[in-house]
Amino acid sequence: MGILTAFPQLSLRELPGTPTGRLSRWVRVVMKGRHADVRAAEGGRRPMSSILARRPSKPGIPPARSRRARLRARFIAMPPRTRWLNLGLLLLLILAIVAAVLVIRNPGTPVPTVRTAAVTRGNVTAAVTGSGNAESSLSTPVSFQSSGTVTAVNVKAGDTVTVGEVLATIDKSSAEAAQRTAQAQLDSAQAALAQAQAGPTDVQKQQDQLAITQAQQAVDNAQAAVTASEKQLENDKASTQTAIDSAKTQKANDQKSTGTAVTNAEKKLATDTTTQNSLVSQAQANEKTACETDSSASGCTSAKQATQNAKNTRSSVLQADQQAVTTAKQTQNATLDHDDQAVTTAEQTRSATLLAGETTIANNKQAVTTAQGNLTAAQLAAEANLHPQTPDQIAQAQASADSARVSLDTARLGVEQTELRAPQAGVVLAVNGKVGESSSGSSASSAGSSATSTSGGASSSTAAAASATSAGDGFVVIANLTALSVTANIPEADAARLQLGQQATITFPGTSTSTTGSVTQITPQSTVTNNVVLYPVTISLDTAPPGVGVGSTASLSITTGTADNVLMAPTQAVTTTGAGHTVTVRRNGVNTVVPVQIGVSGTSTTEITSGVAEGDELVLPSATPTTGAGAGFPGTGGR
């Protein structure tokens, strides 16, 4: 705008870039004249502009001045600062016009980038990846083999245990009684066998009498246990009934006392209501009498104030009485609810106690029956020993002794099974019982495996008592943290490539450690998550890295195939259509699609078994093309 103001004769078609280019030539002329003026001033001569301005014209003829001369003269007449400012604006305008022309000619279209890679020789590894959490591959739930009341729990979650260590115990009185009975039976059977083999002797008679005495003692002991348990049941009946009666009596007393409190509060409310209403009525009557003669008199005013005071008093008194009634009722409800709960608790305690007592009596009576049978057997054996024994009878006596010995071994095992021992060394993950509760026995014949190794003086039969249950949680769960595994859900397509024994690398981000392992289980039962079919695959670790425990997050990579020193190409260079594979080979600048055969296919590289040679240049898929800025110069936009 400054240039057009200073030079109104200048038009846009005379700017640089137009066919004539007059403006550029005019600038050169003006600048040349300016330089001449400067040189003249330095040499003491008059400037050319002064000479031109004073040159006389011919008489009668106006001076002939061209447009260029007029422009030059006007430019020279400007102050130096104005001239330079206009020249700068002129240059900016020229640059803007040139940039606009270049933008129109070069809109910045995307230029695709061609990437290539050479066929090389090296090693290719195919792998399947996944993630999961570390778990113990030797996690064993351990339970008691017989039922009983838990008397001790010696471990807690997090404790380290050794093989054969006692984890918990149950009441062994019944098991010990069965052992004594089995011992008596064995003694009797052995005595019978000895008598059958030796014939009647004084020693045999003494042994028979001893067997009868022991059997009789067992009967007496069993009957005494029945009597004691029945007496205990009667005591429990009396004590639990007393507790119930006490709870009911307390409830009746509380019901009476709280009812009285509610009644008293309500009576006080009624009495105060009558009294306060009477006082208000009296005050209102006094007010009426005082104000009938002169409503402005001080007596009338005092009477009105007295009436208001009576009303206020009535409101506060009745409000307090009503609050007292509410509080008494709330106290009554809370107290009676507590008493009802106490009665219910006492009744439940009675039922549980009596049931336990009756169970004990039934068990003791069964022991009496067994002991009486043993006594009868001992008496019959003594009678039989008075007569010579035949070979068959001797053989039968031997079989009876053997059977009695097996029964004693079973009884001893029953005593040992009252102690729950660790079948393996490890760390306790969970304890699912406590003292006073009843343990539920589990059969060793279930699908679970048994731990029969022993430690120290623990016998094999004792360790067998700690067999693992087949499923679910046992009384104690023990895990061997030195033998860890990771289970990951692998997509169906990848799971089809897995086999038992394949090597894997396991990384634990939490500890920044890694280790190796192998596939030890591929579960055939799949799961579906977000419409993706997954198969659980278990990898057992060769070693457990320090700091890694049960539940640690792990990522794994399972090697499904390797190929060493083979031709290989970037996996992205291979195009797969159905069962066929192709690559694009660039030779002498020409791209050619070539079919190839592939071998092991990894994430980044793929083995090429035929179709290309080492060193061939393969065209990779085009990268995302960059887009020009829209105002670039030729050769710069879009690259």
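Analyst: Buried means under 20% relative accessible area, exposed means over 50%, and partly exposed lies in between (1.4 Å probe, protein chains only). This is a predicted model, where local features need pLDDT of at least 70 and side-chain atom pairs count only at pLDDT 80 or more, while totals for chains, interfaces and linings use all residues. Residues are numbered from 1 along each chain as its sequence is written, and side-chain values use heavy atoms, with hydrogens and water left out.

User: Which residues of helix H9 are buried?

Analyst: Helices (H or I, at least four residues) and strands (E, at least two) are DSSP runs, numbered from the N terminus. Helix H6 (173-198) and strand S7 (419-421) are among the parts that cover the buried residues of H9, through contact, meaning heavy atoms within 4.5 Å. The buried residues themselves are Ala-397, Ala-401, Ala-404, Leu-408, Ala-411 and Val-415.

User: How far apart are the end C-alpha atoms of H9?

Analyst: The expected span of a helix is 1.5 Å times one less than its number of residues. H9 (residues 391-416) has 26 residues, so it should span 38 Å. The model agrees, since its end C-alpha atoms are apart by 38 Å.

User: In what order do the 4 strands of the open sheet stand?

Analyst: Two strands pair if DSSP finds at least two bridges between them. Strands S3 (139-142) and S5 (160-161) stand at the edges with a single partner strand each, so one side of each has no neighbour in the sheet. The pairing is antiparallel and the order is S3-S10-S8-S5.

User: Which residue in S10 is the bridge partner of Val-142?

Analyst: S3 pairs with strand S10 (residues 476-479) in the antiparallel sense, over 4 bridges. In S10, the bridge partner of Val-142 is Val-476.

User: Is Thr-538 buried or exposed?

Analyst: Thr-538 belongs to strand S15 (residues 532-541). Beyond its neighbours within four places in sequence, Thr-538 is in contact with residues including Ser-485, Thr-487, Val-519 and Gln-521. Its relative accessibility is 11%, so Thr-538 counts as buried.

User: What is the accessible area of the nonpolar patch formed by Leu-85, Leu-89, Leu-92 and Leu-95?

Analyst: Patches are made of residues with over 30% relative accessible area and no salt bridge; like charges are joined within 9 Å and nonpolar side chains (Val, Leu, Ile, Met, Phe, Trp, Tyr) within 5 Å. One member, Leu-95, lies in helix H5 (residues 80-105) and is exposed at 57% relative accessible area. Together, the four leucines on the surface have about 400 Å².

User: Which residue forms a salt bridge with Lys-329?

Analyst: A salt bridge is a side-chain nitrogen of Lys or Arg within 4 Å of a carboxyl oxygen of Asp or Glu. Here the closest N and O atoms are 3.7 Å apart, and the pair links distant parts of the chain, helix H8 (residues 298-384) and helix H7 (residues 202-293), 63 residues apart. Lys-329 is partly exposed at 38%, and its partner is Glu-266.

User: How many residues apart are Asp-272 and Lys-268 in helix H7?

Analyst: Their side chains meet in a salt bridge at 2.8 Å, N to O. Asp-272 counts as buried at 14%, whereas Lys-268 is partly exposed at 47%. An α-helix has 3.6 residues a turn, so residues three or four places apart point the same way. Asp-272 and Lys-268 are about one turn of the helix apart, that is, 4 residues.

Key: Areas by Shrake-Rupley, 256 points an atom, 1.4 Å probe, with all protein chains shown as cover.
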